[in-house]
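Here are a few friendly notes to read alongside the model.

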Amino acid sequence: MSTGRLSIDRERCIGAGMCAMTAPEVFDQDPGDGLVLLLDAEPPAAHRTAARMAAGR
(Lines give C-alpha, C1' and ligand atoms only; values in the text may rest on other atoms or scores of the structure.)
Protein backbone atom coordinates (compact mmCIF):
# COMPACT_ATOMS: atom_id res chain seq x y z
CA MET A 1 0.00 0.00 0.00
CA SER A 2 2.93 2.33 0.31
CA THR A 3 3.21 2.88 -3.43
CA GLY A 4 -0.25 2.07 -4.76
CA ARG A 5 -3.76 3.30 -4.40
CA LEU A 6 -6.43 1.45 -2.49
CA SER A 7 -9.52 0.22 -4.23
CA ILE A 8 -12.57 -1.66 -3.03
CA ASP A 9 -14.62 -4.48 -4.49
CA ARG A 10 -18.21 -3.90 -3.41
CA GLU A 11 -19.19 -7.21 -5.06
CA ARG A 12 -17.11 -9.10 -2.46
CA CYS A 13 -18.19 -6.97 0.51
CA ILE A 14 -20.53 -8.73 2.94
CA GLY A 15 -21.47 -5.56 4.83
CA ALA A 16 -20.14 -6.67 8.23
CA GLY A 17 -18.56 -3.27 8.87
CA MET A 18 -15.13 -4.59 9.86
CA CYS A 19 -13.31 -2.29 7.43
CA ALA A 20 -15.06 0.79 8.78
CA MET A 21 -14.46 -0.27 12.39
CA THR A 22 -10.79 -1.15 11.80
CA ALA A 23 -9.85 1.88 9.70
CA PRO A 24 -12.60 4.52 10.02
CA GLU A 25 -10.36 7.19 8.48
CA VAL A 26 -10.10 5.12 5.30
CA PHE A 27 -13.39 3.18 5.04
CA ASP A 28 -17.07 3.77 5.82
CA GLN A 29 -20.31 1.90 5.24
CA ASP A 30 -22.97 2.99 2.79
CA PRO A 31 -26.10 3.81 4.83
CA GLY A 32 -28.29 2.52 2.02
CA ASP A 33 -26.91 -0.96 1.40
CA GLY A 34 -24.32 -1.39 4.19
CA LEU A 35 -21.48 -2.05 1.78
CA VAL A 36 -18.01 -0.57 2.07
CA LEU A 37 -17.18 2.96 0.90
CA LEU A 38 -13.62 4.12 0.31
CA LEU A 39 -12.97 7.49 1.91
CA ASP A 40 -9.26 7.80 1.14
CA ALA A 41 -7.62 5.92 -1.75
CA GLU A 42 -4.18 7.14 -0.67
CA PRO A 43 -4.20 7.15 3.14
CA PRO A 44 -1.34 8.83 5.00
CA ALA A 45 1.30 6.62 6.60
CA ALA A 46 -0.42 6.89 9.99
CA HIS A 47 -3.49 5.04 8.64
CA ARG A 48 -1.85 2.46 6.35
CA THR A 49 -1.43 -0.24 8.98
CA ALA A 50 -5.10 -0.09 9.95
CA ALA A 51 -6.12 -0.07 6.28
CA ARG A 52 -3.91 -3.11 5.66
CA MET A 53 -5.51 -4.93 8.62
CA ALA A 54 -9.00 -4.03 7.39
CA ALA A 55 -8.15 -5.46 3.98
CA GLY A 56 -6.82 -8.65 5.55
CA ARG A 57 -3.28 -8.12 4.27
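1. Let me begin with contacts. Of the contacts (heavy atoms within 4.5 Å) between residues at least 6 apart in sequence, 43% join residues at least 24 apart. Please keep in mind that this is a predicted model, where local features need pLDDT of at least 70 and side-chain atom pairs count only at pLDDT 80 or more, while totals for chains, interfaces and linings use all residues. Residues are numbered from 1 along each chain as its sequence is written, and side-chain values use heavy atoms, with hydrogens and water left out.

2. On the overall fold, the protein has two helices and two strands (DSSP runs numbered from the N terminus: H or I of at least four residues for helices, E of at least two for strands). Along the sequence they come in the order α-β-β-α. The radius of gyration, taken over C-alpha atoms, is 10 Å, close to the 10 Å that the globule rule gives for 57 residues, so the protein is as compact as a globular protein of that length. That rule is 2.2 Å times the number of residues to the power 0.38. The C-alpha atoms fill a box of roughly 30 × 20 × 20 Å along the principal axes.

3. Turning to burial, 23% of the 57 residues count as buried (under 20% relative accessible area, with exposed over 50% and partly exposed in between, using a 1.4 Å probe and protein chains only).

4. How many disulfides does the structure hold? There are zero, a disulfide being a pair of cysteine sulfur atoms within 2.5 Å. The sulfur of C13 has its closest cysteine sulfur in C19, and the 6.6 Å between them is too far for a bond. Both cysteines are partly exposed, C13 with a relative accessible area of 23% and C19 with 24%.

5. E25 may be worth a look. This residue sits in the loop between helix 1 and strand 1 and is partly exposed, at 42% relative accessibility. Leaving aside residues up to four places away in sequence, E25 touches L39, D40 and H47. D40 lies 15 residues from E25 in sequence, with 7.4 Å between their C-alpha atoms.
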